[in-house]
Amino acid sequence: MSLRKYLTSKVFFRQFLAALGIIAILAFIFFNMLSYITNHGEEITVPNLSKLSVDQAEEKLESLDLEYVLLDTLDFKKDFPKYGVVEQDPKPGSKVKANRKVYIKINSDGFAYVSLPNLIEKTYRQAEPTLKSIGLEVGTITYKPYLGKDMVLEMKYKGAPVKPGTKIMKTSKIDLVLGDGKVAFDETEIDSLMQQQDLENTDE
């Protein structure tokens, strides 16, 4: 049989159709397997893990075919439970594929302690940002006679004088005693000056 007759024969036509059918079946299987492997078209909504414990977050993520990675422990935040999730990436509501890792940061177990800086003879304008920079706050401000206006003369914690270098819990309030900018004379000094003037007048 010549090639021309073979290409126009029913045998060739049947074989051609059979080959097309096999190719179509293989293509269908291949693309379905690819879709299954890559989860094509399937997206998962990242849940809100805020304030959950690590175990609770892990359980919630595993139920959605997601994983977690613990990145860091942050400074204690009183609005969050100890070791509760404070931050996460991706954010809640984000759309991701299965097996995506969610990175979390958790709360520490309590406030840290810091050393009280030496604010004596510093101005209030210097003292306030210094305290805030290490996690402390300015408490009650009182004044007493002193030539340097708004200069720190004393530091107090819970009503008692406190020295520089003392360990204080973060977020604590430090009371400051400032100078009022007025010169003060001790009464005993005034009395002695008056007595000295009286003696001088007597000698004359």
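Predicted model: local features only at pLDDT ≥ 70, side-chain atom pairs only at ≥ 80, totals over all residues.
Apart from residues within four places of it in sequence, Thr130 has contacts with Pro117 and Leu119. Thr130 belongs to helix α4, which covers residues 124-133. Between Thr130 and Pro117 there are 7.9 Å from C-alpha to C-alpha, and the two are 13 residues apart in sequence. The relative accessibility of Thr130 is 30%. Buried requires a value under 20% and exposed a value over 50%, so Thr130 counts as partly exposed.

The next part to look at is the sheet. It is open, has 3 strands in the order β2-β5-β3, and its pairing is mixed. The edges are taken by β2 (67-74) and β3 (85-89). Each of these has a single partner strand, so one side of each has no neighbour in the sheet. On average, neighbouring strands of this sheet are turned by 25° against each other, with direction ignored.

Strand β5 spans residues 101-107 and runs parallel to β2, to which 7 bridges join it. Helix α3, made of residues 54-62, lies across β2, β3 and β5. Its direction is at about 155° to that of β2.

Two residues of the sheet can be followed in more detail. Asn107 is found in strand β5. Its relative accessible area is 0%, so Asn107 is buried. The side chain of Asn107 reaches the backbone oxygen of Pro81 at 3.3 Å. Pro81 is also among the residues that Asn107 touches when those up to four places away in sequence are not counted. Others in that group include Thr73, Leu74, Asp75, Phe76 and Lys77, as well as Phe80, Lys82, Tyr83, Gly84 and Val86.

Is Gln88 buried or exposed? With a relative accessible area of 8%, Gln88 is buried. Its side chain reaches two backbone oxygens. The backbone oxygen of Pro47 is reached at 3.1 Å, and that of Pro90 lies 3.2 Å from a polar atom of the Gln88 side chain. Leaving out residues up to four places away in sequence, Gln88 touches Val46, Pro47, Asn48, Leu49 and Ser50, together with Val102, Tyr103 and Ile104.

Notes
Residues numbered from 1 in each chain as written. Heavy atoms only, no water. Helix = DSSP H or I, 4+ residues; strand = E, 2+ residues; numbered from the N terminus. Buried < 20%, exposed > 50% of the residue type's maximum accessible area, 1.4 Å probe, protein only. Contact = heavy atoms within 4.5 Å. Pairing = 2+ DSSP bridges. Axes fitted to C-alpha atoms, helices over the stretch in contact; angles between N-to-C directions. Polar contact = N/O pair within 3.5 Å; in protein donor to acceptor, adjacent residues only side chain to side chain.
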